[in-house]
Amino acid sequence: MTFYQELQLSAAESKSLIKKSKDKKERFYHIAVYLFKVIITILFCIAAITVFTAFFGEENRMAGVITVLGIMMFRNIDLEIRMSHSIFSIILIYIITAFGPHLANIANEINPLIALPVHLISIFAITILGCHNVKTYNQFVLVLGYLLLYGYDVSGKTYLLRIAGLGAGTLLIILIYYFKHRKKVYNRTLKNIFAEYNIRTTRTSWQIKITLAISTLLTIAELAGLQRGMWAGIAAMSVLVPFRKDITKRAAGRSIGNIAGGAVFTAMYYVLPDFMIPFIGIIGGVGTGFSAKYKWQSMFNSLGAMSMAVVILGGLREAVFYRVFNNIIGAVYGILFGLVFHKIAALILNRKKKTSNTEFEIKA
């Protein structure tokens, strides 16, 4: 394995390689490569987001985060369809991401129930266009992008700058996507993706489930007046993975991770000098880069979220409470929604089976 190839490994793969080292010299080499990868990744993210905010404003920092996440994902993962269709899909995804969350927030001002169809259409379209290979977990970037912009909405001139920023970011993502995957040849098209739509399959049932779960939870959060309701939506999205055997484990990991994150953030908030508080999010990013297990990733991710929420919500207590509470609510809702969804789906489709004489079983 070359130095470049080793840089492409995930945190779990790098740690596995370190454990398999034959001697101290080899172990030291793999650790050094891993540390170098984490450092350059963090430096790239910081630099890219800094440049983005310099052009499009501090309030659009989250749009910069989404752009960077898109670059990092599409650099390594392709959509497994023809290049022209992949590019078209990426453009549609980021058009939805640019306009859907803003339309949902406008609808919320009238009535959260009006925002529900906006969520349903937007999230379902994103999963169809970009999440058809369930093993790549693209929703962790694409659906997350929708939810983050929904939670950090802007208006007026700032929103126009957001659209411009996302447009520039999409162009950069497409260029990187083409450069990295141009040699891959696929006969599969978007038409094939739509033709494969079948509620009896693991993929389609999961796409419907995650769309309904997130959309209804966001609506309930708005109706209940829950602060930072998008955190609950992100938690539900994170636990509702395509394979059911992983759901409970992820829900526990996310809840425990955020509780631990709340405790760590509180301690750091009181111990660190004031000028260091804005850097807690960066510390969280470094920790996430070194984490292979989901509960640790959840803990370190929560540090960045709470460092921003302290300003938005007006205090430490509010930031920690809503981060922990909303994540637990989202995780529990995700589990319960998944159980109910599969029971109802099986009931409906098994009833159809009696008339069509075909078998049905949701295996997700």
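Reader: What volume does the second largest pocket have?

Author: The second largest pocket has a volume of about 270 Å³. A pocket here is an open set of points on a 1 Å grid over the protein atoms alone, where a 1.4 Å probe fits, with protein on both sides within 12 Å along at least five of seven lines, and lining residues have an atom within 4 Å of a point. Points are joined across faces, edges and corners, and a volume is the space filled by probe spheres set on the points. Please keep in mind that this is a predicted model, in which local features need pLDDT of at least 70 and side-chain atom pairs count only at pLDDT 80 or more, while totals for chains, interfaces and linings use all residues. Residues are numbered from 1 along each chain as its sequence is written, and side-chain values use heavy atoms, with hydrogens and water left out.

Reader: ok, and which element gives the most to the lining of that second largest pocket?

Author: Helix H12 gives the most to the lining of the second largest pocket, with five residues. Helices are DSSP runs (H or I, at least four residues), numbered from the N terminus. The lining includes Lys249, Arg250 and Ile256, as well as Tyr137 and Phe140.

Reader: Switching topic, how many salt bridges are there?

Author: The count comes to four salt bridges, where a salt bridge is a side-chain nitrogen of Lys or Arg within 4 Å of a carboxyl oxygen of Asp or Glu. One of them joins the side chains of Glu196 and Arg188, at 2.7 Å from N to O. Arg203 also forms a salt bridge with Glu196, and there the closest N and O atoms are 2.8 Å apart. Through shared partners, these salt bridges join Arg188, Glu196 and Arg203 into one network.

Reader: Is Arg203 buried or exposed?

Author: Arg203 counts as buried because its relative accessible area is 14%, and buried means under 20%, exposed over 50% and partly exposed in between (1.4 Å probe, protein chains only). Glu196, by contrast, is partly exposed at 31%, and Arg188 is partly exposed at 24%.

Reader: What about Arg61, which residue does its side chain meet in a salt bridge?

Author: The side chain of Arg61 meets that of Glu58 in a salt bridge of 2.8 Å, N to O. Arg61 is partly exposed, with 29% relative accessibility, whereas Glu58 is exposed, with 52%.

Note on methods: Helices (H or I, at least four residues) and strands (E, at least two) are DSSP runs, numbered from the N terminus.
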